[in-house]
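Thanks for coming, everyone. I'll walk you through a few spots in one model, and I'll keep it short. Here it is on the screen.

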Amino acid sequence: MSAAPDKIAKDVLVRRMDIGNQFNKLTVDQKLCARYLSQAAWAGARIIFLQVSPESEDMFDFIMELYRANDRKWDHICRYFPSSITGKSSSRYSVSEKATALLEKCLNAMISPLPGSLGYPSDVAQSGYYPGDIAITKEELAAIGEVLVNDYGIGQENTRVKKTQAGYEVLIASVDTDKKLPTLYTNPHVTFTWEDHAKTLERIVEYFTKASAHVDNPAQAKYIEEYRQHFLTGNLELHKDSQRTWVKDCKPAVEMMFGFVELHRIHMELGPTESEILIPLLPWVQGQQGVGGRNGPFEKDLPELPDFTAIHALAYCSSIIFLGINLPNYDDVRQTSGFKNVMIAPNPSELKRYIQHTYYADYIHIAMHEPYGHGTGKLLAEEKPGVYNFDIESPPTSPLTGLPVSTCYKPGQTWSSVFGDLATSMEECRAECVGSYLITALELLKIFGYTEISEISAEDIIYNDYLRAGVNGLRALVEDEKWRQAHARGHFAILRTLLAEEDFMTLEFNEVDDQLTVRMNPSKILSHGKKETSNLLLKLYVYRCTADVENGKPWYEELTAVDDYWLRIRRLVLMKRVKKPVMVMANTFLEERKVVLKEYDATVNSIIQSWAERAVII
């Protein structure tokens with residue numbers, strides 16, 4: 001039995017990412033630059049495929065070949081997708097020899113029930129980050145991570161690890177071997193192999209070379225060249241250099257971000273005056289101003305809060321499209337050079353899909369989440385042997401214990417290296433809490449035009465934001481048996497915290513009628529909801545600030561544990577699961593030396609067509 005095209009369309013929520021109005025305002029050079037950078041981004045899709053699973057790339061090529069061989073007609077392709085694929089079905093794909101060969105390469109993996117999820121390699125999970133037939137454990141990966149960073153100064157971001165009979169092979173993404181890095185190592189159990197993803201990276205580098213001829217300013221030329229050198233050599237320090245240059249390129253007409261990470265564009269800012277209002281409200285700053293610094297011992301005197309920019313995306317090639325992003329992720333670069341915040345602007349045609357109040361609450365929340373959630377903060381550290389960024393003789397008092405802090409980051413350590421796989425989730429949870437905490441500030445909402453007498457009132461915004469927190473916490477349970485998405489785990493932690501506050505937020509579920517409802521007492525948002533958000537935020541912040549992994553890790557793991565009660569809730573959440581949108585994005589073509597933009601309808605066929613016309617083929 002075949003899957004009919006209309007049935008497939010009903011199972012997928014397709015949305016179009018509009019870009020035409022913004023793209024047409026660009027100059028000739030800007031359009032050419034955007035075209036080549038978008039091609040570089042799409043070429044990187046093949047790396048993302050291989051990060052997921054060994055068969056993903058062959059599956060993609062199989063679909064593209066079916067599309068080509070069937071005269072680019074989606075309904076014809078659907079005939080070749082029976083609802084239950086079996087090993088005997090390969091003859092049905094004999095529309096072309098290439099399709100048959102590709103299917104034979106990936107069919108067994110496609111129909112195998114296990115591994116059934118992504119994660120650390122095991123009998124039930126797999127990941128393209130750890131290729132090979134010999135499974136590797138979390139403990140081994142943690143040890144390898146320390147070896148990479150501490151012994152060799154090699155970052156983990158652009159590497160994969162393969163366990164072998166003799167030890168461990170570290171695969172470094174590059175076109176060539178980096179001659180500047182040592183090629184001989186003292187650890188007999190660890191070997192290094194460059195040129196991972198070499199063909200794909202070589203193509204990306206070619207597009208960078210073409211784009212660099214059409215940049216707007218010297219800074220863009222500089223960080224594109226630093227991107228090139230990073231991908232050529234695999235040297236992660238060169239990517240850090242590119243980020244130091246990139247964050248200083250403010251408000252470009254064509255925004256770009258590449259790495260083992262995201263192309264973009266319109267502006268909305270929060271300036272120094274707003275920062276002076278909002279930063280003193282943060283719980284680790286309140287009552288601490290002037291003690292060991294302008295904003296107290298736990299916050300920088302002058303937090304580097306960049307412009308908050310809404311962008312329209314021409315190419316967003318990533319496994320997940322986030323509404324808001326804050327980059328770069330390197331702690332050392334963020335601390336010394338700053339960062340950028342961007343939000344993916346909505347399509348005007350899509351606004352009717354949102355409940356009006358919720359949409360605007362989300363917008364303001366992200367405006368707080370990115371610059372103030374990710375942008376504030378100080379890491380107490382021994383920056384080099386014997387040199388501290390705080391008074392080590394009279395350390396600051398922890399807001400959690402009332403005692404002097406006794407932990408800090410050692411030379412070379414970062415937030416990520418200390419907290420490991422929990423770091424990203426705890427950071428996203430912190431930023432989410434900052435968004436909900438600050439959104440209750442009426443002086444902030446007034447900046448955005450929401451008051452007691454506005455059509456959408458300040459009270460509407462606050463109410464929707466906190467109710468959103470509860471709903472997002474439930475939706476987080478669509479995750480598999482293990483947490484894989486950092487935001488989801490953070491949302492669940494917030495839900496657990498808000499539910500613990502008596503008479504504020506409750507969860508009603510009826511397993512007979514399959515009903516699941518989040519209820520909230522709006523009169524207690526400020527007295528209960530904000531208070532618990534503040535307490536959660538303070539713990540997340542202090543553990544992060546002081547490198548207190550001994551207390552922070554078990555606390556967060558317990559807070560986000562999913563027991564039998566939550567598994568029962570999860571069953572209902574899955575039944576009510578909201579479709580995840582699949583975005584169809586534009587392509588560009590050169591016609592008579594002019595860049596022509598092609599946008600597609602929001603249909604399943606357009607998704608396949610748009611990818612086929614990108615020609616992401618090595």
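Helix α20 passes helix α21 in a left-handed crossing. This is a predicted model, so please keep that in mind throughout. Where are these two helices? Find α20 at residues 525-545 and α21 at residues 549-559. Their axes come within 9 Å. They cross at roughly 140 degrees.

Who makes the contact? From α20 we have L536, K539, L540 and Y543. From α21 we have N551, G552, W555, Y556 and L559. By type, the contact residues divide into six nonpolar, two polar and one charged.

Stay with α20 for a moment. How many of its residues are buried? The count is 15 of 21. So α20 is largely enclosed by the rest of the structure.

Now look at the loop between α20 and α21. A547 sits there, just after α20. Its phi is near 60 degrees, a positive value in a residue that is not glycine. Why mention that? Most residues other than glycine have a negative phi. Is A547 buried or exposed? A547 is buried, because its relative accessibility is 10% and the cut-off for buried is under 20%.

Compare a second case. R593 also has a positive phi, about 65 degrees, and R593 is not a glycine either. You will find R593 in the loop between β15, residues 587-591, and β16, residues 594-598. Buried or exposed this time? R593 is exposed, because its relative accessibility is 80% and exposed means over 50%.

Next, helix α10. It covers residues 218-233, which is 16 residues. From the first C-alpha to the last, α10 reaches 23 Å.

Look at how α10 begins. A side-chain oxygen of N217 reaches to within 3.1 Å of the backbone nitrogen of A219. Now the other end. Just after α10, G234 takes a positive phi of about 85 degrees.

Which residues of α10 are buried? Here is the list: Q220, Y223, I224, E226, Y227, R228, H230, F231, L232 and T233. A reminder on helix geometry: residues three or four places apart point the same way, because an α-helix has 3.6 residues a turn. And what covers those buried residues? The cover includes α3 (28-43), β6 (190-196), α9 (198-211) and α11 (236-246).

On to some pairs that are separated along the chain. Start with I462, in helix α18, residues 458-475. I462 is buried, because its relative accessible area is 10% and anything under 20% counts. What does I462 touch, leaving out residues up to four places away in sequence? The answer is I439, T440, L442, L445 and I525. That last one, I525, falls in the range of α20, residues 525-545. Now take I462 and L526. They are 64 residues apart in sequence. In space, C-alpha to C-alpha, I462 and L526 are 9.3 Å apart.

Next pair. K482 lies in the loop between α18 and α19, which is residues 486-500. K482 is exposed, at 60% relative accessibility. Along the sequence, K482 and V562 are 80 residues apart. Their C-alpha atoms are 9.0 Å apart in space.

Third pair. T164 is in the loop between β4, residues 159-163, and β5, residues 168-173. T164 is partly exposed, with a relative accessible area of 27%. Setting aside neighbours within four places in sequence, T164 is in contact with I134 and E169. How far away is I134? T164 and I134 are 30 residues apart in sequence, and 6.7 Å apart in space, C-alpha to C-alpha.

One more. P280 is in the loop between α12, residues 272-278, and β7, residues 308-311. P280 counts as partly exposed, at 25% relative accessibility. P280 and N295 are 15 residues apart along the chain. The C-alpha atoms of P280 and N295 are separated by 7.2 Å.

To recap: α20 passes α21 in a left-handed crossing, and A547 lies in the loop between them. That's my tour.

Note on methods:
Residues are numbered from 1 along each chain as its sequence is written. This is a predicted model: local features need pLDDT of at least 70, side-chain atom pairs count only at pLDDT 80 or more; totals for chains, interfaces and linings use all residues. Side-chain values use heavy atoms; hydrogens and water are left out. Axes are lines fitted to C-alpha atoms, for helices over the stretch in contact, and angles run from 0 to 180 degrees between N-to-C directions. Helices (H or I, at least four residues) and strands (E, at least two) are DSSP runs, numbered from the N terminus. A crossing is left-handed if the near helix is turned anticlockwise from the far one by less than a right angle, and right-handed if clockwise. Contact means heavy atoms within 4.5 Å. Ala, Val, Leu, Ile, Met, Phe, Trp, Tyr, Cys and Pro count as nonpolar, Asp, Glu, Lys and Arg as charged, and the others, Gly among them, as polar. The expected span of a helix is 1.5 Å times one less than its number of residues. Buried means under 20% relative accessible area, exposed over 50%, partly exposed in between (1.4 Å probe, protein chains only). A polar contact is a pair of N or O atoms within 3.5 Å; within protein, one must be able to donate a hydrogen and the other to accept it, and residues adjacent in sequence count only if both atoms are side-chain atoms.
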